[in-house]
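Please find below a short note on the structure shown here.

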Amino acid sequence: MTIIATLVALISLMPLGYVAYMTVATGWDTAVALIFRPRVMELLSNTFWLVVCTVPACLVLGVAAAWLVERTGLRGRRLWGALLAAPLAVPAFVNSYAWVSAIPSMAGLSSGVLIATLSYFPLVYIPAAATLARLDPAIEQSAASLGLGPWAVFFRVVLPQLRIALTGGGLLVSLHLLAEYGAFAMIRFDTFTTAIMEQFRSTFNGQAGNMLASVLVLGCLLLLLAEVRSRGNARYARIGSGVQSSPSILPLRWYQLPSQLFLLALTALALFFPLWFVIRWMVVGGPAIWNLSEYLPALTQTLGYGLAGAAVTTAAAFPLAFLAVRKPSWFSKTLELANYVTSSMPGIVVGLAFVTVAIRLTPALYQTNTVLVIAYALLFMPRALVNLRAGLAQAPKQLDEAAQALGVSPFRAFLRVTLPLSAPAVASGAALVFLAITNELTATLLLSPNGTNTLATYFWSYSTSIDYASAAPYAFTLILLSAPMTYLLLQQSKKAVGQ
């Protein structure tokens with residue numbers, strides 16, 4: 001297990017090594033000239049303001065929605081809980097497609113912030129709701145007994161307890177903003193990812209594109225470091241005897257209607273608005289847009305890549321998860337961290353790394369399914385790793401030891417005891433990876449073999465050609481395939497709080 005996990009970690013560091021190598025190979029003087037130029041400063045400004053405006057908006061919307069659902073007498077709380085997570089089923093580039101269909105003149109920072117906020121606020125809502133559901137109400141009751149009012153209790157007691165959920169959610173939103181290509185390219189808003197793709201198309205592996213990639217990777221690493229430091233050392237778990245009481249539910253009274261309207265507006269803009277335009281374009285296009293000679297191969301190839309990528313990713317993540325749970329050490333943590341660093345990079349950087357390495361070292365693998373599946377594995381391994389760690393933690397090694405004491409070999413004990421107990425977590429992680437692959441765009445555009453088209457690439461081809469009607473069936477199918485991911489995330493968050 002250790003040898004396999006080490007190999008997986010070394011392969012996962014290849015994109016980071018590629019960026020470092022290309023930066024050094026460019027030369028100091030050239031690198032400085034390419035990085036400190038007006039175009040890079042413009043992209044840096046755009047990306048900075050995009051993150052600064054979008055992340056706080058997602059935090060406010062996510063926490064407000066979570067508090068209404070989990071801590072108030074909101075009518076239809078279960079329904080709202082599902083609807084507020086559902087926008088994750090709509091890929092950001094499909095959301096952008098819907099808004100551009102409604103307002104063709106949409107462009108610039110404000111449009112990017114709007115679309116990104118509506119696409120990514122559930123990344124904050126889901127962990128915030130789970131944290132509020134399991135938060136010990138005794139802390140709030142103690143604060144109230146000291147004379148603090150409801151708002152003071154929320155800001156001074158409840159909100160600090162959400163720190164881990166907020167920092168984690170904010171990090172996910174930030175990394176999505178750095179990695180997103182389709183949504184911002186469609187509204188003509190330049191970020192590092194869109195600029196790197198333009199450079200790739202014009203000069204392939206040019207020095208300017210590589211320097212943009214190095215700045216983007218540095219931004220990802222800084223975000224990871226900021227998230228780790230912002231967690232703090234405070235204790236968030238309850239310690240002591242006794243059973244935790246149920247959280248207090250605050251009656252909304254005459255705030256009921258404004259709360260309902262707020263959530264209705266939020267879900268309408270984030271979920272029903274893009275769905276409406278996708279369906280509208282399907283109706284406008286009629287049966288003619290269902291070109292089965294294109295649609296069925298695209299669906300088949302998407303499912304094939306999803307299944308192959310999910311299988312490879314889960315198999316590669318298993319040794320890392322096994323070491324982290326059964327043999328925890330600084331070495332296992334280092335191997336795991338290496339993968340998290342790589343997965344935080346945008347798909348375009350990982351794609352560029354594989355393009356360069358394949359052409360220079362293994363030309364026979366360039367633009368093959370093998371390279372594309374490996375890239376998927378590196379991008380989405382944490383989705384499998386987190387689930388596998390949880391599953392293996394619920395399969396105590398004492399059961400393995402008992403089986404071996406009865407004369408069963410270690411390998412057979414693993415197959416007959418550990419693997420069946422962790423099977424639900426394996427399936428859950430594989431499903432999340434599968435659905436992430438179906439929505440992946442940039443790495444697929446860079447690495448897919450000639451003649452290969454997925455649902456996402458066909459959607460992108462038609463939408464960039466302003467043929468919105470022909471793009472609609474592919475957008476609709478992507479949403480249908482993404483819906484189970486939302487369900488899995490909801491189920492996992494409920495399971496975490498014992499619901």
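1. The side chain of T464 reaches the backbone oxygen of W460 at 2.7 Å. The model is a predicted one, in which local features need pLDDT of at least 70 and side-chain atom pairs count only at pLDDT 80 or more, while totals for chains, interfaces and linings use all residues. Residues are numbered from 1 along each chain as its sequence is written, and side-chain values use heavy atoms, with hydrogens and water left out.

2. T464 belongs to helix α23 (residues 455-464); helices are DSSP runs of H or I, at least four residues long, numbered from the N terminus. With a relative accessible area of 44%, T464 is partly exposed (buried is under 20%, exposed over 50%, partly exposed in between, with a 1.4 Å probe and protein chains only). From C-alpha to C-alpha, T464 and A185 are 9.1 Å apart in space, although 279 residues apart in sequence.

3. How do helix α4 (residues 38-71) and helix α15 (residues 256-285) cross, and within what distance do their axes come? The axes come within 11 Å and cross at roughly 130 degrees. The two helices are therefore oblique to each other (angles under 35 degrees count as roughly parallel, over 145 as roughly antiparallel, 65 to 115 as roughly perpendicular and the rest as oblique).

4. In α4, L61, A64, A65 and L68 meet S259, F262, L263 and L266 of α15. By class, this contact has seven nonpolar residues, one polar and no charged.

5. The protein chain has 24 helices and zero strands. Of its 499 residues, 53% are buried.

How values were computed
Axes fitted to C-alpha atoms, helices over the stretch in contact; angles between N-to-C directions. Contact = heavy atoms within 4.5 Å. Nonpolar A, V, L, I, M, F, W, Y, C, P; charged D, E, K, R; others polar. Polar contact = N/O pair within 3.5 Å; in protein donor to acceptor, adjacent residues only side chain to side chain.
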